[in-house]
Amino acid sequence: MLLKLFGSVLLVAAGIFAGTSYAGWKRRAIAQVAQLCTALRFIRARIAMLRTPLPDLIAALAREKGLCAPVFEEVCKHLEQGLETAVQQASVRIEDLQARQIFYRLGVVLGRYEADEELRQLDAAVSELETRMAWLHEEYRGKAPLVRRLTAAAGICLAILLI
Amino acid sequence: MDEELKRAAMLLVPEYYRAVMGLCMPVEDIRLRLGRPVSCCVAGREYFLRQLPVLSEKNLLWTLERATCSSIYAVQDSLRKGYINASSGIRIGVCGTGVIKDGELATIKDISSLSIRVARQCRGIAGALLPYNAEGKVENTLVISPPGYGKTSLLRDMIRQLSDRGARVAVADERGEIAAMNRGVPGFDIGLRTDVLEGVEKQEAVMMLIQTMAPQIVALDEISAPRDVRAVELAANNGAAILATVHGRDLEDLCKRPVLREILKSGIFQKALIIGINEKGRYYQQRSICGEGSCVA
């Protein structure tokens, strides 16, 4: 009996853990998109004011701490193969699929055009990311508590069923 | 230093050609022309790598990406003038199709040729040519030669030696060839007392240098346009000695060009250093210039 009780507690805990993990993952994805926006704004400012070459900017971003640092570290690592390839390979480090696609597309245009066009492309990417972030926020607010409750309830149900 | 420059230049050449080209010493110029064999200039002669495939568009774009650090916007102003400055004093001449916007050259598209020019630090070549007059003052000097004869190398060494001997030298390095600045550090030894303003048009640069750096000598490379002449006049009117270079065979050749004839007649320059090449190699000829009517003495 004690074993059954212990098992059911574990099942409920697993359900709660699954819900919390999901919410945590969503929170991380939102934070990463927000940091990606900040990074792109940093790139934009440096291009507009100083015309700093992209490898220097990417190296600076890779040195920063945060959720986007691994993305830019990955870009740095693959820079030898060309910027486009490097950005596209690094985009897999972005957790949200749509944000990943936005970053992937940016790889095709970054460094290819004159400053005005670069800035336009960066503005467009930032704006898309912001829209995505707002949507993710909404989704998180609506779904995260529900998922947490559902997974906890699923754990309880499963425990009752197995007992 | 020269070996470093050659290595840096080689890194801009697609790997395919690098191994063969590495054997050519000392490379002065590497020519990449779309759809044609890659060539390199050694001692004034151009050698084609005919045994290797012709240059593909992919390879040309690869070099361009390397040279611009994947950032066309960082070189857009110089690209409009037909060149890119890669790091370590390597200037790349660019040819393609001009894009005209509002009557002005906006950029160059469909790039077809690149000329990777490897600059050299020739220490000591200006030793006997330093333009001191009898009173020990630096004379305004014009270095004259056809392209590729070593005007800039001579100017660089003059700057270095004069600077190390105590003169405050300011360099208006519009094309970044004299000092080859890399993040504020000169790629060449240009002397202890030399200040460099890079990437600014000569007239504006001279104005800024005179107002802010109080130079005793102002150095400029390749004066050709009327605004460059105005830069020289500006420096001369502010009491700085001038060292400048110009394309041409000799003084008589310069006198045929209205812009340069004017400046020779104005009497600003007192001395001309003419570089020539004969069967024995490079030679230097010193001539004095007197203005007022006759342009050459």
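Trainee: Which domains does the domain assignment give for chain B of this predicted model?

Mentor: The assignment places residues 2-118 of chain B in domain 1 and residues 127-288 in domain 2. Taken over C-alpha atoms, the centres of these two domains lie 27 Å apart. Nine residues of domain 1 of chain B and nine residues of domain 2 of chain B take part in the contact.

Trainee: Why is the pair B:K81 and B:E174 called a salt bridge?

Mentor: The term requires a side-chain nitrogen of Lys or Arg within 4 Å of a carboxyl oxygen of Asp or Glu. The N to O distance between the side chains of B:K81 and B:E174 is 3.6 Å; this value is within the 4 Å cut-off, and therefore the pair qualifies.

Trainee: How many salt bridges does the rule find across the interface of domain 1 and domain 2 of chain B?

Mentor: The rule finds two across that interface. Three residue pairs are in polar contact between these domains, with both residues at pLDDT 80 or more. On the side of domain 1 of chain B that touches domain 2, two residues are nonpolar, four polar and three charged. The two domains bury about 830 Å² between them, with 42% of that area on carbon and sulfur atoms.

Trainee: What makes a set of residues a nonpolar core, and which residues touch the most other members of the largest one?

Mentor: The members must be buried residues of the listed nonpolar kinds, joined through side-chain atoms within 4.5 Å. The largest such core has 56 residues, of which B:I30, B:I92, B:I116, B:I159 and B:L243 touch the most other members. Each of domain 1 and domain 2 of chain B supplies at least three residues to this core. A second, separate core has 40 residues, including A:A90, A:L129, A:L136 and A:A144.

Trainee: Which residues does B:I159 touch, not counting those up to four places away in sequence?

Mentor: Among them are B:V169, B:V171, B:I178, B:I190 and B:L243. In soluble globular proteins, nonpolar side chains tend to be buried together.

Trainee: How many residues does each chain bring to the contact?

Mentor: Chain A brings 18 residues and chain B brings 13. The two chains bury about 1,200 Å² between them, 44% of it on carbon and sulfur atoms. In chain A, the residues A:R51, A:G111 and A:E114 lose the most area to chain B, together 40% of what that side buries.

Notes:
Residues numbered from 1 in each chain as written. Chains lettered and ligands numbered in written order. Predicted model: local features only at pLDDT ≥ 70, side-chain atom pairs only at ≥ 80, totals over all residues. Heavy atoms only, no water. Domains from an automatic or database assignment. Contact = heavy atoms within 4.5 Å. Buried area = accessible area lost by both parts, 1.4 Å probe. Polar contact = N/O pair within 3.5 Å; in protein donor to acceptor, adjacent residues only side chain to side chain. Nonpolar A, V, L, I, M, F, W, Y, C, P; charged D, E, K, R; others polar. Buried < 20%, exposed > 50% of the residue type's maximum accessible area, 1.4 Å probe, protein only.
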